[in-house]
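This report is a guided reading of one protein chain, written for someone who is meeting structural terms for the first time. Please keep the sequence and the 3D view at hand while reading.

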Amino acid sequence: MEKIPVTPSFDDRLALRLKALRLAAGWSLDDLAARAGVSRASLSRIENAEVSATAAVLGRLAAAHGLTMSRLIALAEDDFTALLRPADQPVWTDPATGFRRRQISTPAATLGGEVLDCELPPATRIDYDQPPRPGLEHHLVLIAGRLRVTVEGMPHDLMPGDCLRYRLHGASRFETPATEAARYHLFIL
């Protein structure tokens with residue numbers, strides 16, 4: 001009986017990439033847990049593809065490795081292509097919040113920017129303790145809904161069409177009101 005090869009899922013590829021990054025840095029699970037503020041047990045389960053990481057956890061892991069979350073996710077994706085049709089743009093959904101991010105323009109080693117299409121359900125809050133790289137430039141354009149973005153303690157209430165531009169050096173928070181979702185494009189440079 002011939003075995004049919006199984007294509008690894010995205011979570012399987014991400015788990016392998018996370019473990020490879022940790023090992024390449026020479027860190028134990030305890031070392032990474034201390035750097036990222038994520039428990040050793042959670043890291044082990046994520047690296048073994050037993051659970052999917054949340055947006056907050058992926059953000060912490062990316063920061064510990066000095067990567068944007070998009071770059072971290074892209075490392076688990078297939079090779080870079082110049083033209084990315086909508087059906088081929090990677091989509092990731094946070095299992096804890098329902099936050100959905102589609103990578104319109106995926107990161108690449110030879111390109112500096114990336115573009116994300118993000119959807120945040122009503123009554124959702126995501127906190128990022130630190131940027132993956134201090135001084136990271138963001139341009140956020142709210143497409144629909146309402147969104148409060150707090151950058152280093154300064155809240156910004158956005159309406160459709162608003163563009164919030166900032167360099168991120170500290171903590172940030174994204175939150176939607178109880179009855180309204182938000183859809184936005186995020187340009188990261």
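## A covered helix

The buried residues of α4 are A55, V57, L58, G59, L61, A62, A63 and A64, where buried means a relative accessible area under 20%, exposed means over 50%, and partly exposed lies in between, with a 1.4 Å probe and protein chains only. With 8 of its 10 residues buried, α4 is mostly covered. What covers these buried residues includes α1, α2, α3 and α5 (69-75), together with the strands β1 (91-93) and β4 (125-128). After α4 comes G66, which has a positive phi near 70 degrees.

## How the model should be read

This is a predicted model, in which local features need pLDDT of at least 70 and side-chain atom pairs count only at pLDDT 80 or more, while totals for chains, interfaces and linings use all residues. Residues are numbered from 1 along each chain as its sequence is written, and side-chain values use heavy atoms, with hydrogens and water left out.

## The chain as a whole

The secondary structure of the chain comes to 5 helices and 10 strands, and of its 189 residues 42% count as buried. A contact means heavy atoms within 4.5 Å. Among contacts between residues at least 6 apart in sequence, 64% join residues at least 24 apart.

The largest nonpolar core has 46 residues, and those with the most contacts inside it are L72, F99, L147, V149, F174 and Y184. Helix α4 (residues 55-64) gives the most to this core, with 6 residues. A nonpolar core is here a set of buried Ala, Val, Leu, Ile, Met, Phe, Trp, Tyr and Cys residues joined through side-chain atoms within 4.5 Å. If residues up to four places away in sequence are not counted, F99 touches A55, W92, T93, D94, C118, E119, L120, P121, I126, Y128 and Y184.

## Helices that cross

Two packed helices are described by the angle between their axes and the distance between the axes. The axes are lines fitted to C-alpha atoms, for helices over the stretch in contact, and the angles run from 0 to 180 degrees between N-to-C directions. Helix α2 (residues 29-36) packs with helix α3 (residues 40-47) at an angle of about 110 degrees, with the axes 9 Å apart. That makes α2 roughly perpendicular to α3, given that angles of 65 to 115 degrees count as roughly perpendicular, those under 35 as roughly parallel, those over 145 as roughly antiparallel and the rest as oblique. The contact is made by L29, D30, L32 and A33 of α2 and by R40, L43, S44 and E47 of α3.

Helix α2 also meets α4, and the axes of these two come within 9 Å and cross at roughly 105 degrees. That makes α2 roughly perpendicular to α4. Here L32, R35 and A36 in α2 meet R60, L61 and A64 in α4.

## Two arginines

R22 lies in helix α1 (residues 10-24) and counts as buried because its relative accessibility is 7%. Leaving aside neighbours within four places in sequence, R22 is in contact with W27, S28, L29, L32, E47 and H65. The side chains of R22 and E47 are joined by a polar contact of 2.7 Å. A polar contact is a pair of N or O atoms within 3.5 Å; within protein, one must be able to donate a hydrogen and the other to accept it, and residues adjacent in sequence count only if both atoms are side-chain atoms.

R167 belongs to strand β8 (residues 163-168), and, not counting residues up to four places away in sequence, R167 touches G135, L136, E137 and E152. The side chain of R167 reaches the backbone oxygen of G135 at 3.0 Å, and a polar contact of 3.4 Å joins the side chains of R167 and E137.

## Positive phi in two loops

A49 sits in the loop between α3 and α4 and has a positive phi of about 55 degrees although it is not a glycine. At 27% relative accessibility, A49 counts as partly exposed. A123, in the loop between β3 (114-120) and β4, has a positive phi near 55 degrees and is likewise a residue other than glycine. A123 is exposed, with a relative accessible area of 57%.

Note on methods:
Helix = DSSP H or I, 4+ residues; strand = E, 2+ residues; numbered from the N terminus.
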